[in-house]
Each structure stands twice: as structure tokens, then as C-alpha cells.
Amino acid sequence: LALPMISRLQAAAKLSKRQQFKQIDIPHDLTQKIRDLKLGRFQKRSRTQAVNKKKDAEAAEESSEIPSLFRRRLRLIATAKRAADFPASRSGRVMEAAFAGRSNVGKSSLINALTPSRIAKTENKPGVTQSLNFYELTAGVRLVDLPGYGFAFAKEEKIASWKLLTEQYIRERQNLKRLFVLLDSRHGLKLSDKQFLEQLDTSSAPRYQLVFTKCDLCDPKDLARRVVLAKEDLALRPKAVKDVLMLSARTQSGVLLLQKALAFLARGQPVFTSERAHSPSPSQSLPPPAVAATTAAT
């Protein structure tokens with residue numbers, strides 16, 4: 001006797017989360033992009049002299065494409081633990097781009113990778129960044145390292161304090177042109193990340209863009225699947241930039257695309273744009289993201 005037909009949803013329900021994850025279709029262009037950017041962890045790496053020479057030539061070619069803006073050294077101009085410590089906005093003549101994400105996702109490492117500087121403090125344990133750190137690239141461009149959300153090795157009152165300050169900065173800082181939300185490529189979009197994005201969508205925050213970090217530490221196909229899931233989540237988010245960036249601060253792979261995105265934002269673009277025109281008023285609170293997050297099977 002023929003077995004009754006089982007719908008796709010019923011069949012999926014019988015699979016484990018990991019099996020469902022493995023069945024995600026990967027677009028060919030995404031696979032090619034990951035390959036072109038040389039992202040992902042590979043079990044076998046050729047170390048022949050010819051391959052090394054080719055890599056050196058490619059690195060030199062990519063280096064020539066780095067926007068001149070990022071050939072400069074960063075300068076730490078403010079370490080803010082209260083709003084009064086924020087550097088002057090200079091009447092909108094300064095563009096700020098900020099980096100947010102879960103604790104230990106690699107924000108400081110990425111800032112270090114953008115320029116020849118290695119000025120941002122990095123450690124392996126979560127919660128090292130406990131203030132808003134403002135770095136000046138030029139007189140008109142700043143990068144801001146925000147404290148991470150999620151678990152951190154710090155007292156609860158300290159965590160609550162820097163969360164409130166981060167919320168105030170994101171909600172009220174008119175110089176903030178773009179918020180880059182970093183995701184660990186080994187885990188993808190987690191519950192606390194989704195809650196943070198929902199808060200951005202319903203507040204007076206600027207537009208934001210997802211950046212997958214540590215892309216040298218995961219399988220290329222798993223990276224692609226997590227990007228697919230992230231793009232599906234972004235589809236209905238009003239403030240999200242739909243393009244997702246992927247990179248590795250350690251190997252520099254993919255960093256050039258972020259440098260070019262930042263250079264475009266800084267290239268004579270007005271700091272005050274219509275991006276916030278239809279947002280709620282600055283008085284609207286940006287509630288702190290939940291600390292707890294469920295660990296995805298991926």
C-alpha cells in the first residue's frame with residue numbers, strides 16, 4: 001500500500017534543527033561570493049610556492065583598492081561612560097558609524113582591521129568594552145565601538161549603566177549615519193540579536209547593516225546558510241540595509257567591502273538625511289535587549 005503523502009512542513013517537523021538547517025537551499029551567487037572573498041574554514045589548504053605567490057599578488061592588488069580614508073591611523077578621542085563625555089557633534093559636520101553586537105563578537109578587532117592602527121583593546125572574554133569609545137579617522141569621520149549586549153563579565157549595575165548609555169547614543173545622536181550590527185558567523189542571528197533589531201526598527205535609530213564576523217572559523221556552506229536565514233529575517237525590517245557583509249578581521253578577507261561602504265557614507269554625504277524622518281521621536285525609549293538568548297542548533 002502506498003504511504004499517505006506527508007506535507008513539506010510535516011516532514012520538516014520530523015527533522016532535527018540541525019537537519020533542517022542542512023536542507024536550506026544556498027543560492028549559487030552566494031556560494032561564489034564566499035569563494036571569491038576566500039571566506040570559510042577549509043580542511044585542506046595548499047601551501048605550495050605557486051599558490052603563496054598568487055596569494056601575495058592578490059593581496060597586493062586588493063591593498064591598492066583600499067580607500068585612502070583607511071590608510072590613516074585611528075585616534076582615540078573619547079571614552080564615554082556618560083552622555084556628557086560624548087565628543088562635540090560640530091553641528092553635523094562629522095559622520096559617525098557605530099559598531100554594535102553581542103559581547104565578544106569581534107567589534108574591537110574589526111575596528112583594528114579597518115586601518116593600520118591596532119588601537120582598540122581586545123580580549124577573549126565578553127564585556128571588555130564597557131564604555132562608548134570614539135575613534136577619529138579624519139576631522140569629519142569617526143568610528144564608535146559600542147559595549148556589547150548579552151552576557152558579560154561585569155557587575156549587573158555596570159551592565160545596566162552602559163546599556164542605558166548605548167540606547168541614548170543610538171536614539172539621540174544625530175551624527176550617527178549608520179549602525180553596523182555584528183554577528184558571529186559560527187552562530188548566526190540569535191534571539192538577542194533579533195530583539196535588538198526589533199528595538200532599532202521601532203525607535204529613532206538610523207539605518208543598520210548586518211556584518212558576519214569571524215568568517216574564517218566556520219564551514220563555508222554553514223556560513224552561506226546563516227546568511228540566507230539572516231536575509232529572510234531582514235526582508236520585512238524597515239531600517240535594515242538588505243545587503244549583508246561577511247568578513248574576517250584576522251585574515252582581512254572581506255574587510256575591503258566594509259571599508260568601501262564606509263568610504264561611500266563619508267564621501268560628501270550629508271549627516272542629516274531623511275533616514276530618521278519617519279522615525280519615532282527621540283523621546284521614545286529604546287528598551288534594553290534581553291540578556292538571555294537561546295543557543296541555536298547551528
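## Close-up views of a predicted model

Figure 1. Leaving aside residues up to four places away in sequence, Y208 touches R178, L179, V181, L197, L200, D201, L234, R237, K239, A240 and V241, where contact means heavy atoms within 4.5 Å. This is a predicted model, in which local features need pLDDT of at least 70 and side-chain atom pairs count only at pLDDT 80 or more, while totals for chains, interfaces and linings use all residues. Residues are numbered from 1 along each chain as its sequence is written, and side-chain values use heavy atoms, with hydrogens and water left out. Helices (H or I, at least four residues) and strands (E, at least two) are DSSP runs, numbered from the N terminus. Y208 has a relative accessible area of 0% and is buried; buried means under 20% relative accessible area, exposed over 50%, and partly exposed in between (1.4 Å probe, protein chains only). The side chain of Y208 is joined to that of D201 by a polar contact of 2.9 Å. A polar contact is a pair of N or O atoms within 3.5 Å; within protein, one must be able to donate a hydrogen and the other to accept it, and residues adjacent in sequence count only if both atoms are side-chain atoms. K177 is 31 residues from Y208 in sequence, and their C-alpha atoms are 9.0 Å apart.

**Figure 2. The protein as a setting for the close-ups.** The secondary structure comes to 9 helices and 7 strands. Of the 298 residues in the protein, 47% are buried. Among contacts with a separation of 6 or more, 80% are between residues 24 or more positions apart.

Figure 3. Helix α5 (residues 107-114) is largely enclosed by the rest of the structure, because 7 of its 8 residues are buried. The buried residues are K107, S108, L110, I111, N112, A113 and L114.

**Figure 4. The packing of helix α5 against helix α9.** Two packed helices are described by the angle between their axes and the distance between the axes. For α5 and α9 (residues 255-266), the angle is about 80 degrees and the axes are 10 Å apart. The two helices are therefore roughly perpendicular to each other. From α5, the residues making the contact are L110, A113 and L114; from α9, they are V255, L258, Q259 and L262. By type, 6 of the contact residues are nonpolar, 1 is polar and none is charged. Axes are lines fitted to C-alpha atoms, for helices over the stretch in contact, and angles run from 0 to 180 degrees between N-to-C directions. Angles under 35 degrees count as roughly parallel, over 145 as roughly antiparallel, 65 to 115 as roughly perpendicular and the rest as oblique. Ala, Val, Leu, Ile, Met, Phe, Trp, Tyr, Cys and Pro count as nonpolar, Asp, Glu, Lys and Arg as charged, and the others, Gly among them, as polar.

**Figure 5. E136 and N133, residues of strand β3.** Strand β3 spans residues 132-138 and includes E136. E136 is buried at 16% relative accessibility, and its side chain makes a polar contact of 2.7 Å with the side chain of R75. Apart from residues up to four places away in sequence, E136 touches R73, L74, R75, I77, V141 and R142. N133 is buried too, at 12% relative accessibility. The side chains of N133 and S131 are joined by a polar contact of 2.9 Å. V144 lies 11 residues from N133 in sequence, with 5.6 Å between their C-alpha atoms.

**Figure 6. The cysteines C215 and C218.** A disulfide is a pair of cysteine sulfur atoms within 2.5 Å, and the count here is 0. The sulfur of C215 has its closest cysteine sulfur in C218, at 5.7 Å, which is too far for a bond. C218 is thus listed in no disulfide. C215 is buried, with a relative accessible area of 0%, and C218 is buried at 3%.

**Figure 7. Positive phi at K38 and N104.** K38 is not a glycine, yet has a positive phi of about 60 degrees. The loop that holds K38 runs between α3 (28-36) and α4 (49-63), and K38 is partly exposed at 47% relative accessible area. N104, also a residue other than glycine, has a positive phi near 70 degrees. N104 is in the loop between β2 (95-101) and α5 and is partly exposed at 33% relative accessibility.
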